[in-house]
Amino acid sequence: MKHSEYSAVIVGSGAAGLYAALKIARQSALPDGVLLLTKSKLGESNSKYAQGGIVGVVNQNNIDSTDLHVADTIKAGAELNDVSVVKYISEISDSVINDLIDIGVPFDKDSNGNIKFTLEAAHSVKRILHIGGDATGKGIVDALSKKVREDSNITVVEHSIAVELLTNADSECKGLIIFNELTGEHEIIYTPATILATGGAGQVYKFTTNPDGATGDGIDLAYNAGAIIQDMEFIQFHPTALAISPTNKNRFLISEAVRGEGAKLIDKDGKEFMSNYHDKKELAPRDIVTRAIYNEMQKKHTSNMFLNASIIDKTRLLERFPTISKKCIDNGIDITSSPIPVAPAAHYLMGGVKAAVSGKTSIRGLYAIGEVACTGFHGANRLASNSLLECVACAYELADYLSFANLQTPKKIDTQILKTIETYSSPISDADYDITSLKQELKDIMWNNVGIIRSEEKLLDAQAQIDILHKNFNRTRKCLNTEEYEYRNMLTVAKLITIAALNRKDSIGAHTRFDNIKNINTNKELEYAK
């Protein structure tokens with residue numbers, strides 16, 4: 001098999017991966033350079049589709065403070081957050097935001113050149129920075145991608161998926177095996193620093209706001225290498241995704257910021273209902289708004305509710321949300337005069353590979369940043385727009401940590417690694433699987449049994465069905481193509497989510513057990529239809 005050597009390898013090209021590549025290339029001694037690996041095109045990621053913005057507790061915002069941001073984050077996270085991590089990320093957000101500005105990230109500013117801030121649900125003050133009104137993720141990813149392309153110390157390899165981590169007998173990660181989709185061949189990469197920035201896993205669910213590539217690849221890699229995985233039961237379902245029809249699977253996100261600007265949730269008769277669920281109504285934490293919409297859908301036997309944004313000043317609405325407006329117009333909806341059909345969809349994974357703010361995992365030489373990582377920042381339910389902040393803050397800290405590391409490519413390859421390589425050098429059966437149908441079957445199982453409202457009965461049913469799918473997929477580790485690898489990874493992630501959901505008996509944050517609904521964290525009594 002072809003092999004190469006790099007001082008650091010980053011898997012994934014969202015905000016976390018791109019920013020890490022830039023910072024590491026600029027701060028570290030790199031005798032063999034940096035490799036940035038992506039299974040599609042550079043920048044294609046969950047980050048690219050983030051609309052609302054990025055949290056920044058910055059000095060020029062005199063109504064905000066780290067204490068306020070920490071309090072909001074912990075409250076939204078049902079107090080399961082790691083407080084030290086929340087404080088640290090909040091405190092360095094000013095430095096990170098200003099560094100992004102220096103790199104060329106074009107945050108929206110007013111006529112006086114001051115950064116504009118907006119409000120989102122569960123935030124106590126306006127602290128969300130945005131780009132192009134509602135294209136923040138794309139703005140950040142585009143700016144970082146341009147700089148990565150220009151950096152001679154960074155090698156970009158597209159259309160290649162990481163399929164196995166190379167760990168030695170001492171449980172140290174010494175590199176990885178990749179599958180190059182363009183050549184159809186497996187390749188070996190040796191490195192002292194393997195960085196997972198592969199994003200989330202929304203594609204394990206029938207309805208999701210995530211792009212097609214969000215198949216939990218990094219979690220499968222880390223889990224099979226023996227890394228600690230935690231909090232997988234905490235899946236955030238975004239309350240307002242565009243629901244044109246019940247068969248529309250990948251759902252376009254209708255940003256939290258639309259409600260922050262004053263839009264109201266209504267039923268088909270135009271009646272508002274959020275006052276029945278929480279004092280903050282539309283600006284309640286995401287888990288509560290999601291369950292409220294789900295409950296209304298169940299009671300009224302309908303596939304969606306509506307978001308009325310027409311009450312916002314028309315000029316302001318179109319200026320603030322041009323991307324959302326265009327998407328709705330493309331689907332025959334004028335948001336200045338008609339309500340937007342919305343329904344919950346899988347959006348964000350709070351759990352993942354257990355990692356420190358610096359990205360360090362339980363395996364030496366393996367790092368995880370961004371959505372694939374679980375630092376404890378988000379607790380049981382992510383506060384809106386904290387995700388992009390975590391991506392860049394942890395990439396920032398990782399680069400600083402690695403600047404003091406001796407990034408020498410491993411010279412000795414032990415027997416355990418050679419055995420792993422031999423597995424990928426051996427032929428496998430040419431069994432023909434209908435991966436599209438298998439993926440859809442898994443998505444249906446997860447949506448119906450491990451979704452917004454869960455019970456032990458349904459979780460056990462899901463576990464049994466996933467075990468059957470796994471048994472019938474006659475691949476141990478090596479697969480024939482990218483689609484098979486994605487399905488393999490989705491099976492692993494689905495299993496981990498289901499087991500974690502079974503183990504946590506109480507309802508808290510984004511994890512709701514119908515068989516213990518009374519303990520849910522809300523200040524008003526909720527009743528849910530079965």
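This is a predicted model: local features need pLDDT of at least 70, side-chain atom pairs count only at pLDDT 80 or more; totals for chains, interfaces and linings use all residues.
Reader: Which element gives the largest share of the lining of the largest cavity?
Author: The largest cavity holds about 70 Å³ of space. Two elements give two or more residues to its lining: β12 (235–242) and α7 (286–300). Arg-286, Asp-287, Thr-290 and Arg-291 are among the lining residues. The largest share, four residues, comes from α7.

Reader: How do the residues of that lining divide into nonpolar, polar and charged?
Author: The lining of the largest cavity includes Ile-235, Phe-237, Ile-452 and Ala-510. Gln-236, Asn-381 and Thr-512 also line the largest cavity. By class, the lining of the largest cavity has four nonpolar, four polar and three charged residues.

Reader: Which strand gives the largest share of the lining of the second largest cavity?
Author: About 50 Å³ of space lies in the second largest cavity. Its lining includes Ala-346, His-347, Tyr-348 and Leu-349. By class, this lining has seven nonpolar, three polar and one charged residues. The largest share, four residues, comes from strand β15 (residues 340–349).

Reader: What is the geometry of the aromatic pair of Phe-473 and Tyr-487?
Author: The whole structure has eight aromatic pairs. In the pair of Phe-473 and Tyr-487, the ring centres are 5.0 Å apart. Planes over 60 degrees apart count as edge-to-face. The angle here is 85°, and the pair is edge-to-face.

Reader: Where do Phe-473 and Tyr-487 lie in the chain?
Author: The two residues are 14 residues apart, and their pair links distant parts of the chain. Phe-473 is in the loop between α13 (456–472) and α14 (482–503). Tyr-487 is in helix α14.

Reader: Which residue lies over the face of Phe-207?
Author: Phe-207 belongs to one aromatic cluster with Tyr-205, Phe-237 and Trp-447. At 3.9 Å from the ring centre of Phe-207 lies Arg-251.

Reader: Which charged end sits over the ring of Tyr-348?
Author: Tyr-348 is one of the residues that line the second largest cavity. At 4.2 Å from the centre of its ring sits the charged end of Arg-382.

Reader: Is Ile-178 buried or exposed?
Author: Ile-178 is in strand β8 (residues 173–180). Beyond its neighbours within four places in sequence, Ile-178 is in contact with residues including Leu-37, Ser-160, Val-163, His-186 and Ile-189. Its relative accessible area is 2%, so Ile-178 is buried.

Reader: What covers the buried residues of α2?
Author: Helix α2 spans residues 66–76. Its buried residues include His-69, Val-70, Asp-72 and Ile-74. The cover includes β4 (54–55), α3 (83–103) and α10 (386–402).

Reader: Which residue just after α2 takes a positive phi?
Author: Ala-76 is one of the buried residues in α2. Just after this helix, a phi of about 60° is taken by Ala-78.

How values were computed
Residues are numbered from 1 along each chain as its sequence is written. Side-chain values use heavy atoms; hydrogens and water are left out. On a 1 Å grid over the protein atoms alone, a cavity is a set of points where a 1.4 Å probe fits but cannot get out, and a pocket is an open set with protein on both sides within 12 Å along at least five of seven lines; lining residues have an atom within 4 Å of a point. Grid points are joined across faces, edges and corners, and a volume is the space filled by probe spheres set on the points. Ala, Val, Leu, Ile, Met, Phe, Trp, Tyr, Cys and Pro count as nonpolar, Asp, Glu, Lys and Arg as charged, and the others, Gly among them, as polar. Rings of Phe, Tyr and Trp (its six-membered ring) pair if their centres lie within 6.5 Å; planes under 30 degrees apart count as stacked, over 60 as edge-to-face and the rest as tilted. A charge sits over a ring if NZ of Lys or CZ of Arg is within 6 Å of the ring centre and within 35 degrees of the ring normal. Buried means under 20% relative accessible area, exposed over 50%, partly exposed in between (1.4 Å probe, protein chains only). Contact means heavy atoms within 4.5 Å.
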